[in-house]
Amino acid sequence: MQILDVNTESTPAVLEQAVNTLLSGGLIIFPTETTYGAGVDATNPEAVQKLLTFKSRREGKPLSIAVSGQEMAEKYVELNDQAKILYRQFLPGPVTVVSNVVTGSVAPGVASEFGTLGVRIPEYQLVLDMVKMLGKPITATSANGSGKPRPYSVETIFKHLSDKQASLVDLVIDAGTLPSNPPSTVIDTTLSTPVTVRSGKIAVDQADNNDHNTLVSTSEDDTLSLAGKRCLMHWGDITEKGLIIGLNGPLGVGKTVFAKGVAKFLGINEKITSPTYSYIQEYDFKRHDTTGKLYHLDMWKVDSKEAFERLELAELMKPGNIVVVEWFDQVTLWLTELNNQAKLGFISIDIKQDGNNRIFKIYD
Amino acid sequence: MIRGPILAIDTSCDDTSAAVTIGRYVLSNVIASQTELHRPYGGVFPTVAKQAHRENIAPTVDLAMKKARVKWADIKAVAVTQGPGLAPALEVGIEYAQELASQYQKPLIPVNHIEGHILSVLALPKPQRKSWRDLSTTMPKIKNALSVVVSGGHTEFVLIEKLGKYKVLGQTLDDAAGECLDKIGRMLNLGYPAGPVIEEFAKLGDPKAIIFPLPLTTTKTYDLSYSGLKTFARNKLEEMGGVEVLKKQGIYDFAASTQYAVFRHIMYKLSKLLETENVSQVWLGGGVAANATLRRMLRETIRNSKGQVTNPKLLVPYTKKLCMDNAGMIGVAATEITTAINTSFERKPRLKLA
């Protein structure tokens, strides 16, 4: 193992040595604007294996890579709009943006088992130059063993390494004690359709047809009663077939308020909170002589047919039941398909905000 | 009252947890995280959660027993979370607890998950060099402590009249505090879950950069509401030209202002509450309880309440693990339960505090 002190060695000499070590499959410890990192050529399978042995007990945690700029990043990950905005806003800097990996572009074990990969562009010139010279990304995991203190100095790193781990290190670039900046913040862009795109969906739907009613609500109470009245109109559907109510509209527009109105109409006294984390909330109701269940669904995160099928919604679609679906446009296709068999009554509602008013376009 | 080690299980949400406790002491507290497993679905997927709990539960319980260094013969009862939580997930824990209870002939104690969060502040680490056999099993006398439970799924003010006797004084009418942070984070393009990113970014921003409204100032109750803050954030973003045009610092400031607004709402209602209710001490529990800004703001609010709180020291769980969903707190909560020991009970996804 060799140690190069950046304060005494010339930068070109350090860079050359580092790049040569990386090219020959070596493991280097290098400074960044957050902590010391452990780096190998992310495209070299043996080098990556060596790094995984060095980190030990990773339990399947994915690594991340450091690149020199967005152009390089795009060879290894697919950047969606959300990711591109984040690159522009935060990189280079202490943020790791997770995207879907370009298959086969990095060595096994670098991307997660789900095919996602975190990318950093460190705000640290030496590392940027090193990666640029190498022409390939390096792994950018912190230089401590799993579960050990964050590495801000070369001394702390080696204090917590076993002899075996230490023997795997080929080169250390020593920049002294780094300022104790926290590790980079990880932002995962693989799950979310950008909100900006989502809210745009409503705007596109401008063409006024006669297939819907437009109602305006000026207050929360107004919305509650509007929801109740709609249920009353469809009471026959509810008792005979069951009813699906699909709700669309951006975050904070009042989809859950509408759901509360449905619950109030059904005489449900429990507080209706949004099912963001649970996907489905279930409530029993009894109105007049009809008993049934209200299912309150949030489909924001359901973005594939496989995920949709896991919810086993067919079980809920029965006479007497009301299924209120927030973020309905995420699942419209699949749910309509299911309903071709179940044949429940069906309403879809687009909610828009206009000043303090809410505009409901109801298709029923 | 249980005078000996309790094996506790919690499968209320996405993590499988098992612990061994005695009185207030936590002998072991194991959390098998499913976070990685859930990532492709962006959160807890009920059917996936159930499957993973099934795979994790036996090894998690075994590890908790091993770490605590107790034998089944030493265990005096099995405690398990009955609710609130995700129905299919709760089911797995309850079924397994019932199996264990009948196999080893132990009483079975159903525990309310929120009671667990409330009493998590009473938990103590096991003193080193002391055998669990020498530890006291008595619980402290509590009178009129106020618990503030803040997590992804809950935001509540609960008065502990005495251990086992609770009164919910206020709670959220729509989103929980953590959920609001998450949703505004989504609007800011911060991925999912965005709550933790907001918390990180808030450290770098100006909390007064954007002044959010203070919700429910005209209602007399101690209930909270976060839907207005969400709407405000969305309008504000649009007015600023959309998230795309914001610079790095603009996002830090938005994150800090959001977090401040979410916590300020809690502080406002808490200070009103402290003006009228007799409170001996304020406790903090739940996933967001680990947030340093929240703790600082609570301490300030207690200080400003001018002696209304008998003991002004804010009580928080001794470790971050106890803020998360964990079985350690379930064991501590089970210690005090004298009634309701029962071998046949069902999951209650929306169980209320008694």
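These exercises work through a predicted model.

**Exercise 1. Confidence in chain A**

Find where confidence in chain A is lowest and where it is highest.

Solution. Begin with the whole chain. The mean pLDDT of chain A is 87, and 93% of its residues reach 70 or more. Confidence is lowest in helix α8 (residues 195–204) of chain A, at a mean of 32. Helix α3 (residues 70–76) of chain A is the highest, at 97. Now look at the stretch over residues 193–209 of chain A. There pLDDT stays under 50, and the model has 22 contacts beyond four places in sequence for these residues. Where pLDDT is low, predicted coordinates should not be read in detail.

**Exercise 2. Domains in both chains**

State the domain bounds of chain A and of chain B, then describe how the two domains of chain B touch.

Solution. Chain A is assigned domain 1 (2–188) and domain 2 (210–363). Their C-alpha centres lie 47 Å apart. In chain B, domain 1 takes 6–123 + 319–336, and domain 2 takes 145–304. Here the C-alpha centres lie 28 Å apart. The contact in chain B uses 11 residues from domain 1 and 17 residues from domain 2. On the domain 1 side, helix α4 (residues 113–119) of chain B supplies the largest share, 4 residues.

**Exercise 3. The sheet of chain B**

Give the strand order of the open sheet in chain B, and identify the helices that lie on the sheet.

Solution. Write the order: β5-β4-β1-β2-β3-β6, 6 strands with mixed pairing. Strands β2 (residues 16–22) and β3 (residues 25–32) of chain B run antiparallel, joined by 7 bridges. Within this part, B:V20 stands opposite B:S28 in β3(B). Helix α10 (residues 328–336) of chain B lies across β1, β2, β3, β4 and β5 of chain B, at about 125° to β1(B).

**Exercise 4. A helix pair in chain B**

Are α5(B) and α7(B) roughly parallel or roughly antiparallel?

Solution. Take the geometry. Helix α5 (residues 177–187) and helix α7 (residues 227–239) of chain B pack at an angle of about 15°, with their axes 10 Å apart. Apply the cut-off: angles under 35 degrees count as roughly parallel. Therefore α5(B) and α7(B) are roughly parallel to each other. The crossing of α5(B) past α7(B) is right-handed. Contact residues of α5(B) are B:C180, B:K183, B:I184 and B:M187. Those of α7(B) are B:L229, B:K230, B:A233, B:R234 and B:L237.

Terms used:
Residues are numbered from 1 along each chain as its sequence is written. Chains are lettered from A and ligands numbered from 1 in the order in which they are written. This is a predicted model: local features need pLDDT of at least 70, side-chain atom pairs count only at pLDDT 80 or more; totals for chains, interfaces and linings use all residues. pLDDT is the predictor's confidence in each residue, from 0 to 100. Helices (H or I, at least four residues) and strands (E, at least two) are DSSP runs, numbered from the N terminus. Two residues are in contact if their C-beta atoms, placed from the backbone, lie within 7 Å. Domain bounds come from an automatic or database domain assignment. Two strands pair if DSSP finds at least two bridges between them. Axes are lines fitted to C-alpha atoms, for helices over the stretch in contact, and angles run from 0 to 180 degrees between N-to-C directions. Angles under 35 degrees count as roughly parallel, over 145 as roughly antiparallel, 65 to 115 as roughly perpendicular and the rest as oblique. A crossing is left-handed if the near helix is turned anticlockwise from the far one by less than a right angle, and right-handed if clockwise.
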